[in-house]
Amino acid sequence: MPDRMTSLPQPFQGVGSDEPRAATASRLSPCGSSAKLASTNAVTIGNATLYLGDCREILPTLPEATAGITFTSPPYNLGEGMEHKGGMRRAPGRKWARLSDGYEGDGDNLPYPEYCSQQREVLTELWRVTSGAIFYNHKPRIVKGVARLPFFVELPLRQIITWDRGSGFNCNAGAFAPNCEWVLMYAKPNWRLRDLKASMAGDVWRIAAQPDPDHPASFPVALPMRAIEAVADRVILDPYMGSGTTGVAALKLGRSFIGIERNPAFFDLACRRIEETHRQGDLFAGAAA
Ligand SMILES: C[S@@+](CC[C@H](N)C(=O)[O-])C[C@H]1O[C@@H](n2cnc3c(N)ncnc32)[C@H](O)[C@@H]1O
């Protein structure tokens, strides 16, 4: 797939609506029967548009307020300080070794100032292309006795949601295994949840982690689903799409989705999952008719 998708997408036509933009071509993509290439490196599947590429290059091509909300989880830079390990290694019987070894072909180990500056750049772009709120999944870490808190930009922080994953990795006798992560919610001043009832979901979300054999850092579908069902926004964006979990949640809830992923293997995986969800939606619609 990547050798057929080499240039940046054309910017979307039409600015400011909370609706997905039209696909611009109809060449069949290798992702699945109903997937179409929207431009040289983007694919549309039903109401989803998926870009293969670096979100720092693709986000600037999107118009202001392209999405209603963003729900995303960036790489955590867990490989920082472990550069000597040299990127992803596979253990016998397991597709992925340790999360701190990074992603395939990517050690997830930038020098910390560079990591912060990249996240600041992406969050600033997300603020521009998102009309409502950014849900930013990250976690507080402690590196050599110093707290590393994921506050990379000064945007209006509305809330910190605690995601209780129910289990932790990195067990060692030096500390209690960290079981929780955060979802930082940055919101535009007039943005609101769908209604008062949606607020009852509370700010501690107990949702069990579900290890995925095909992606080292996916979150469970129920996590973005909890946010998406609480909002009225129609277009959901994930610039670090990974295996496409946010897209699956969006489509299951009848919303549109825009995803970006730079790793071709993960992009393909996301295409397959989203195609499958799209097909199931068609089946349900057919059965209900
Ligand atoms: C924490 S994972 C997201 C996992 C996703 N939430 C899921 O459930 O599968 C971060 C993803 O971002 C991708 N990524 C890292 N840097 C990127 C960039 N600059 N542009 C687009 N994707 C990027 C990685 O390849 C990885 O798949």
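Phe267 is buried, its C-beta atom having 27 other C-beta atoms within 10 Å. In this predicted model, the residue belongs to helix α5. When neighbours within four places in sequence are set aside, the contacts of Phe267 are with Leu50, Leu52 and Glu261. Phe267 and Met241 are separated by 26 residues in sequence, and their C-alpha atoms lie 7.9 Å apart in space.

Beyond residues up to four places away in sequence, Leu50 touches Ala42, Val43, Ile45, Met241, Gly259, Phe267, Ala270, Cys271 and Ile274. Leu50 is listed, together with Phe135, Ile236, Ala270 and Ile274, among the residues with the most contacts inside the largest nonpolar core, which has 51 residues. The greatest contribution to this core comes from helix α5 (residues 264-288), which supplies six residues.

The protein as a whole contains five helices and twelve strands. Of its 289 residues, 40% are buried. Among contacts between residues at least 6 apart in sequence, 68% link residues at least 24 apart.

Helix α2 spans residues 112-129, 18 residues in total, and extends 26 Å from its first C-alpha to its last, close to the 26 Å expected at 1.5 Å a residue. Its buried residues are Gln119, Val122, Leu123, Leu126 and Val129. Viewed down the axis of α2, these residues fall within an arc of 120 degrees and therefore line one face of the helix. In an α-helix there are 3.6 residues a turn, so residues three or four places apart point the same way. The cover over the buried residues of α2 includes α1 (55-58) and the strands β4 (67-72), β5 (130-138) and β11 (235-238). On the face of α2 turned away from the buried side are the exposed residues Pro113 and Glu114.

Helix α4 (residues 245-252) is mostly covered, with seven of its eight residues buried. These buried residues are Thr245, Thr246, Gly247, Val248, Ala249, Ala250 and Leu251. Just after α4, Gly254 adopts a positive phi of about 75 degrees.

The ligand is surrounded by 20 residues, of which the closest are Ser218, Tyr240, Gly242, Ser243 and Thr245. The elements that contribute two or more residues to this shell are α1 and β12 (256-261). Classified by type, the shell comprises nine nonpolar, seven polar and four charged residues.

Positive phi values also occur at residues other than glycine. Ala65 has a phi near 55 degrees and is located in the loop between α1 and β4. With 17 C-beta neighbours inside 10 Å, Ala65 counts as partly exposed. Lys144, likewise not a glycine, has a positive phi of about 50 degrees. Lys144 is placed in the loop between β6 (141-143) and β7 (146-148). Because 6 other C-beta atoms lie within 10 Å of its own, Lys144 is exposed.

Terms used:
Residues are numbered from 1 along each chain as its sequence is written. This is a predicted model: local features need pLDDT of at least 70, side-chain atom pairs count only at pLDDT 80 or more; totals for chains, interfaces and linings use all residues. Helices (H or I, at least four residues) and strands (E, at least two) are DSSP runs, numbered from the N terminus. The expected span of a helix is 1.5 Å times one less than its number of residues. A residue is buried if 20 or more other C-beta atoms lie within 10 Å of its own, exposed if 12 or fewer, and partly exposed in between; C-beta atoms are placed from the backbone. The arc is that of the directions from the helix axis to the C-beta atoms. Two residues are in contact if their C-beta atoms, placed from the backbone, lie within 7 Å. A residue is near a molecule or strand if its C-beta atom, placed from the backbone, lies within 6 Å of it. Ala, Val, Leu, Ile, Met, Phe, Trp, Tyr, Cys and Pro count as nonpolar, Asp, Glu, Lys and Arg as charged, and the others, Gly among them, as polar. A nonpolar core is a set of buried Ala, Val, Leu, Ile, Met, Phe, Trp, Tyr and Cys residues joined through C-beta atoms within 7 Å.
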